[in-house]
Amino acid sequence: MPHRNRSHVNDAWNASVIALVIVLAGLLYVFGAAMSGDSLRLTESVRGAEVFDTRNLP
């Protein structure tokens, strides 16, 4: 009987770890896109953000 309960706990931990990895990957993608400057719409969508496009400056 204890072995069966332990299996449920392991399944819960596995699901939690997978969900955490997915969330962190999403955050990494969003912040990476914002920091790279590839998408001005992403930066402009942040309330109060100022966009400085310096790619064409001498």
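## Residues 12–31

Residues 12–31 are 100% helix and 0% strand, with the end C-alpha atoms 29 Å apart. Helices here are DSSP runs of H or I with at least four residues, and strands are runs of E with at least two, numbered from the N terminus. An unreviewed UniProt entry places a "transmembrane region" at residues 12–31.

## Basis of the model

This is a predicted model: local features need pLDDT of at least 70, side-chain atom pairs count only at pLDDT 80 or more, and totals for chains, interfaces and linings use all residues. Residues are numbered from 1 along each chain as its sequence is written, and side-chain values use heavy atoms, with hydrogens and water left out.

## Whole chain

The protein chain has two helices and zero strands.

## Leu24

Leu24 lies in helix H1 (residues 2–36). Leu24 counts as partly exposed because its relative accessibility is 48%.

Key: UniProt positions renumbered as here; feature names shortened; annotations may be inferred. Buried < 20%, exposed > 50% of the residue type's maximum accessible area, 1.4 Å probe, protein only.
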